[in-house]
Amino acid sequence: MSLGGYSVRTSIAVSDLVEAKRFYEQKLGLTPGDDQPDESVVYPCQGDTSLHVYVSPAHAGKSAATLATWYVTELEQVVDELSARGVRFERFDDASLKTDAKGIHELAPGRVAWFRDPDGNTFAVEQPG
């Protein structure tokens with residue numbers, strides 16, 4: 001059996017659901033799906049994908065890794081729109097990772113920009129090459 005033939009959902013731990021909902025809905029523009037019976041919310045995205053945000057203060061923001069990536073066709077436009085809503089993109093300036101003034105890193109091929117939610121969870125928006 002391979003899990004590759006099944007849907008997958010990313011789950012993100014947050015410390016404060018009210019603050020998280022404000023960020024995910026107002027800043028990222030996500031729309032909540034059906035009500036959940038616990039302290040969580042599911043944000044449907046394209047296709048059969050979604051982002052599950054749940055309360056777990058002990059685990060919120062603990063990972064340094066990128067937890068989810070949205071693949072977009074016009075990265076600069078998405079970065080500009082999210083920035084206008086108050087999303088702050090990460091800036092890097094070292095030998096292995098450099099971003100421009102907007103926080104966009106050139107890949108070979110493609111481009112990517114990273115941002116964090118209020119708990120410090122890292123996300124990306126990427127325009128494949």
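The structure is a predicted model, in which local features need pLDDT of at least 70 and side-chain atom pairs count only at pLDDT 80 or more, whereas totals for chains, interfaces and linings use all residues. Residues are numbered from 1 along each chain as its sequence is written, and side-chain values use heavy atoms, with hydrogens and water left out.

Helices (H or I, at least four residues) and strands (E, at least two) are DSSP runs, numbered from the N terminus.

At its start, a side-chain oxygen of Asp 16 comes to within 2.9 Å of the backbone nitrogen of Val 18. After H1 comes Gly 29, with a positive phi near 80°.

Leu 75, Val 79 and Leu 82 are buried in H2. Their arc around the axis is only 70°, which puts them on the same side of H2. The packing partners of these buried residues are H1, E7, E8 and E9. H2 is followed by Gly 86, whose phi is positive as well, near 100°. Most residues other than glycine have a negative phi, and most peptide bonds are trans. A cis peptide bond, with omega about -5°, joins Ala 108 and Pro 109, and Pro 109 is in the loop between E7 and E8.

Attention now turns to the open space in the model. Rolling a probe the size of a water molecule over the atoms shows where empty space is left. The largest pocket holds about 520 Å³ of space. On a 1 Å grid over the protein atoms alone, a pocket is an open set of points where a 1.4 Å probe fits, with protein on both sides within 12 Å along at least five of seven lines; lining residues have an atom within 4 Å of a point. Grid points are joined across faces, edges and corners, and the volume is the space filled by probe spheres set on the points.

The lining of the largest pocket consists of 22 residues, and Leu 30, Cys 45, Thr 69, Trp 70 and Tyr 71 lie nearest its centre. E4 supplies the largest share, five residues. By class, 14 lining residues are nonpolar, five polar and three charged; Ala, Val, Leu, Ile, Met, Phe, Trp, Tyr, Cys and Pro count as nonpolar, Asp, Glu, Lys and Arg as charged, and the others, Gly among them, as polar.

Tyr 43 lies in E2 and is buried, at a relative accessible area of 0%. Setting aside neighbours within four places in sequence, the contacts of Tyr 43 include Tyr 24, Leu 30, Leu 51 and Val 53. Tyr 43 and Val 53 are 10 residues apart in sequence, with 8.0 Å between their C-alpha atoms. Ser 40, also placed in E2, is buried with a relative accessible area of 8%. The side chain of Ser 40 makes polar contacts with the side chains of Asp 38, at 2.5 Å, and His 52, at 3.2 Å. A polar contact is a pair of N or O atoms within 3.5 Å; within protein, one must be able to donate a hydrogen and the other to accept it, and residues adjacent in sequence count only if both atoms are side-chain atoms.

Finally, two loop residues deserve a look. Thr 99, in the loop between strand E6 (97-98) and strand E7 (104-106), counts as buried at 17% relative accessibility. Gly 120, in the loop between E8 and E9, is buried with a relative accessible area of 19%.

Key: Buried means under 20% relative accessible area, exposed over 50%, partly exposed in between (1.4 Å probe, protein chains only). Contact means heavy atoms within 4.5 Å. The arc is that of the directions from the helix axis to the C-beta atoms.
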